[in-house]
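Open the model in your viewer and keep the selection tool at hand. The tour goes from one selection to the next.

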Amino acid sequence: MCLGCRYDVSGMDIRAKCPECGDRVAPSVNNIALESADHKLLATLNGSTRAITKAGVLALIGLALLCLGYGFRGGGVGSQAPMFGTLFGSSTLLVTTFLAAQQMRVLGSHRIPGEDPKAKSFRAVLRGAAIFVVAYALLSAAVLVLLVSGRISLSQHRAIEYVFTMWILFLFVPIYVCFYLHSLAQRSRSLKPKLLMSLAIAGMFVMIPLPAATGPADESILLLLGLSGSQPSSFPRLLPINPPYVWPIAMAWCIIVMLVAIAYFRRGLGFAEPIDSDVDPKMSGA
């Protein structure tokens, strides 16, 4: 039955709309809409999206510090300005990425109302991606500490360069969140899935200029971290900005898109509205 008007929608395409009230059929699957889901799931969505929002804001600060360190760069890791940007910027970014990925894992562990095999597979991928990102963040943090302490040398270990150039994967964290919110919106009566899908796709557009930053790896993320490179390239000259700034700008764009998606999601489900438990609902209408 349609959740909006109780019209019989059995046999209709899940992507269709109710011919009686125009409501989408998808939320009526199993007669469960997201707004009517289990309280535990809604509490998880509320807490996780709030935590991811805070992590996103802190990640933007970390990116700004990385750019600040590069802007006042000196003679490699030993210089104080790059050291400041590297230690505080990268550590902030790694910690926030770790926290956001942890919340992704929490979100992926809760069954979605009216879940089909496709949605179940999506949650499995979400959990797997979260575990991978957490592991990679821990590996990057360990390598960064060893580099700064002088235990290993970048020039002696070529593989270390790839550890940091693979930071490109961190851009997918906010995009994953947007796509997951889109899957949830398909089971909601108050959210527009197309809007969240558009935001997720918008986050992927920044992948276009990234080859200009990741192709000559030593001139991009490595210099951003205050590390000296060894492979010069003329390709970055085509960019209107300094190549090392491409990655943080792209990452910042993905995070901002994610924050907009989360804000819309929370507002649509009423999470963004403060609830004062001490106020009697009957008295508040007076």
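Which residues make a nonpolar surface patch of about 240 Å²? Select Val57, Leu58 and Ile61, which make that patch. A patch is made of residues with over 30% relative accessible area and no salt bridge; like charges are joined within 9 Å, and nonpolar side chains (Val, Leu, Ile, Met, Phe, Trp, Tyr) within 5 Å. A salt bridge here is a side-chain nitrogen of Lys or Arg within 4 Å of a carboxyl oxygen of Asp or Glu. Areas follow the Shrake-Rupley method with a 1.4 Å probe, and for residues only the protein chains shown count as cover.

This is a predicted model, in which local features need pLDDT of at least 70 and side-chain atom pairs count only at pLDDT 80 or more, while totals for chains, interfaces and linings use all residues. Residues are numbered from 1 along each chain as its sequence is written, and side-chain values use heavy atoms, with hydrogens and water left out.

Helices (H or I, at least four residues) and strands (E, at least two) are DSSP runs, numbered from the N terminus. Val57 counts as partly exposed because its relative accessibility is 42%; buried means under 20% relative accessible area, exposed over 50%, and partly exposed in between (1.4 Å probe, protein chains only).

Next, colour the chain by secondary structure: there are 10 helices and 0 strands. Buried residues make up 44% of its 286 residues. The chain exposes about 14,600 Å², and carbon and sulfur atoms supply 63% of that area.

Now turn to the aromatic rings. The structure holds 6 aromatic pairs. Rings of Phe, Tyr and Trp (its six-membered ring) pair if their centres lie within 6.5 Å; planes under 30 degrees apart count as stacked, over 60 as edge-to-face and the rest as tilted.

Select Trp167 and Phe170, a tilted pair at 5.7 Å centre to centre with 40 degrees between the planes. Both residues are buried.

Finish with Phe172 and Tyr176, another tilted pair, 6.3 Å centre to centre and 35 degrees between the planes. Phe172 and Tyr176 are separated by about one helical turn because they are 4 residues apart in helix H5, residues 172-185. Phe172 counts as partly exposed at 26% relative accessibility, and Tyr176 counts as partly exposed at 31%.
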